[in-house]
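Reader: I have the sequence and the model open side by side and would like to go through a few places with you. Could you take my questions as they come?

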Amino acid sequence: MQEYVVNRPDEGAMERALRENPGNAAGTVLRLAWQAGLLRDEIQHLTWEQVDFLDGCLVLPDRKVPIGQELLDWLRNLRDERDRSQEAVVLSDRDRKPLTPQSISRLARNALDKQGQTEVRLIDLRHDFVLRQLEEHDWQYVSRITGVEAAGLNVHFAEHLEEKKISTRICREEAVQIDEFALWKLLRTEGTSPAGVALWLTWQVGLRLEEIVGLHWDQVREDRLSLPQREVPLSGGAKKVLEDLACQKGREGPVLTAPRSRQPYDRTRLSKLVRAALIRAGLDDLTLRDLRMDCTLRSGGEGQILSQVRRQGWTTRNEVMSLLNVSRTTAYNRLKQLVSRRRLTQVGARYYLPESVVPPEKQEAAVLDYLAREGFAYRQDVARLLGIGVSQCRPLLQRMLERGSILQNRQRYILNSERTPGGMDAGMAVPAGGEGKKREV
């Protein structure tokens, strides 16, 4: 196998080449390769319809490439100078006709040689674009705008970076918000492709990846899947995509097989196909596990949890464990998903309907406003105000006492006039635990 060589161009030489080719074909080729990372074939077939001046991107068949203001303005000027008789962006300087791939390579070669970049090829300009993006952005973003899979980024480009490794783990501080519109659009686009079928079976049926690669047609019933350990009902969409796939390939052997070898996919290969499809759709922070958990919530767990909260007023992780007969970790993950989707609000160890409580980030302001209006409050008053249990008020009130925003006189809480303009006389109360004269009312 030929070694994958990356010859990075000199930035100063590239800037000189662009200045010396301000509006000709060579300058167009260099800019699209170096500033947008396009391949030679993409440069050859790029049309003005694919240049989105409003959103500042190039719309290619498999991806969108954001472009900087400099390149955007240059392309706009180039378009305005044209007579609009040709849709192709790259045209011959002589006869204003689209260029062949060989002509594109020759123009780039001549322009680079003139700047002393004799070892740099047209493809190296794209490679340099990829590396510059990796130096500034995470791998999901770079994979999405360049079309290079994560494995390819790691194998071909990691050694040229300071970190020497490209992390392909998805790290996020909050649970993912599933863009259902984008996901439905992706499912329609993928159709009966391996990635499309896998996404249907994960998001709409709740199958694990190992269950998908091991699924055979004799397990597919009219309205359900008969798995070794369970029977799984099919959604309308999943049923339709399996019917379409059966019409194309028949109902013998594994459901998903590679097009050439006709052998079942392994977990790794199918996972990469799904990953690439999600990245192309701009859903790079989404995983199959996220989709499976969303399916689980929608298929019964979510309704049961919300019904319990409506009936009781709140729930806890232990109650969800008992309600759904699941592990502690599973109960936590389902509650976390409901919180991330704003179906529940967490206050301490309890979960409430959002409309029934004051969210944690607004509780202190609500208490201060109440005290300014009413003069004082007992813990029971604070609990009613916030919509939570009396015992849950203690941590909040303790933090406010420690910061000095409120004071405590026996069982009453009042504003600290030294901290709050217009507050009550601080002499009427002492810090928590102290003794003082009881305020007369």
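Reader: Let's start with Asn333; which helix is it found in?
Author: In this predicted model, Asn333 belongs to helix H16, which covers residues 328-340.

Reader: And is Asn333 buried or partly exposed there?
Author: Asn333 counts as buried, because its relative accessibility is 15% and the cut-off for that class is under 20%.

Reader: Which residues does Asn333 touch, leaving aside its neighbours in sequence?
Author: Once residues up to four places away in sequence are set aside, Asn333 touches Arg289 and Met293.

Reader: How much of the contact set joins residues at least 24 apart?
Author: If you take the contacts between residues at least 6 apart in sequence, 55% of them join residues at least 24 apart.

Reader: Now some helix packing; at what angle do the axes of H10 and H12 cross?
Author: The axis of H10, residues 194-203, crosses that of H12, residues 236-249, at roughly 150°, and the two axes come within 9 Å. Since angles over 145 degrees fall in that class, H10 is roughly antiparallel to H12. As for handedness, the crossing of H10 past H12 is left-handed.

Reader: Which side chains would I click on to see that contact?
Author: On H10 the contact is made by Val197, Trp200 and Leu201, while H12 contributes Gly237, Ala238, Val241, Leu242 and Leu245. Sorted by class, the contact of H10 with H12 has seven nonpolar residues, one polar residue and no charged ones.

Reader: OK, and H1 with H2, at what angle do those pack?
Author: H1 (residues 11-20) and H2 (residues 25-34) pack at an angle of about 140°, and their axes are 9 Å apart. That angle makes H1 oblique to H2.

Reader: Which residues of H1 and H2 meet?
Author: From H1 there are Glu11, Met14, Glu15, Ala17 and Leu18, and they meet Gly27, Leu30, Arg31 and Trp34 in H2. By class, the contact of H1 with H2 is made up of five nonpolar, one polar and three charged residues.

Reader: Moving on to H3, where do Arg40 and Gln44 stand in terms of burial?
Author: Arg40 has its place in helix H3, and Gln44 lies in that helix too, which covers residues 40-45. With a relative accessible area of 36%, Arg40 is partly exposed, whereas Gln44 counts as buried at 19% relative accessibility.

Reader: Leu122 is in H6, I think; how many residues of H6 are buried?
Author: Eleven of the 15 residues of H6 are buried, so that helix is largely enclosed by the rest of the structure. Leu122 is one of the buried residues, and others among them are Asp124, Arg126, His127 and Asp128. H6 covers residues 122-136 and reaches 22 Å from its first C-alpha to its last, close to the 21 Å expected at 1.5 Å a residue.

Reader: Last topic, backbone angles: what is phi of Arg96 and of Arg410?
Author: Phi of Arg96 is near 55°, and phi of Arg410 is near 60°. Both values are positive in a residue other than glycine, and most residues other than glycine have a negative phi.

Reader: Where in the chain do Arg96 and Arg410 lie?
Author: Arg96 is in the loop between helix H4 (69-81) and helix H5 (101-114), while Arg410 lies in the loop between strand E9 (406-409) and strand E10 (412-415). Arg96 is partly exposed, with a relative accessible area of 42%, and Arg410 also counts as partly exposed, at 48% relative accessibility.

Conventions. Residues are numbered from 1 along each chain as its sequence is written. This is a predicted model: local features need pLDDT of at least 70, side-chain atom pairs count only at pLDDT 80 or more; totals for chains, interfaces and linings use all residues. Side-chain values use heavy atoms; hydrogens and water are left out. Axes are lines fitted to C-alpha atoms, for helices over the stretch in contact, and angles run from 0 to 180 degrees between N-to-C directions. Helices (H or I, at least four residues) and strands (E, at least two) are DSSP runs, numbered from the N terminus. Angles under 35 degrees count as roughly parallel, over 145 as roughly antiparallel, 65 to 115 as roughly perpendicular and the rest as oblique. A crossing is left-handed if the near helix is turned anticlockwise from the far one by less than a right angle, and right-handed if clockwise. Contact means heavy atoms within 4.5 Å. Ala, Val, Leu, Ile, Met, Phe, Trp, Tyr, Cys and Pro count as nonpolar, Asp, Glu, Lys and Arg as charged, and the others, Gly among them, as polar. The expected span of a helix is 1.5 Å times one less than its number of residues. Buried means under 20% relative accessible area, exposed over 50%, partly exposed in between (1.4 Å probe, protein chains only).
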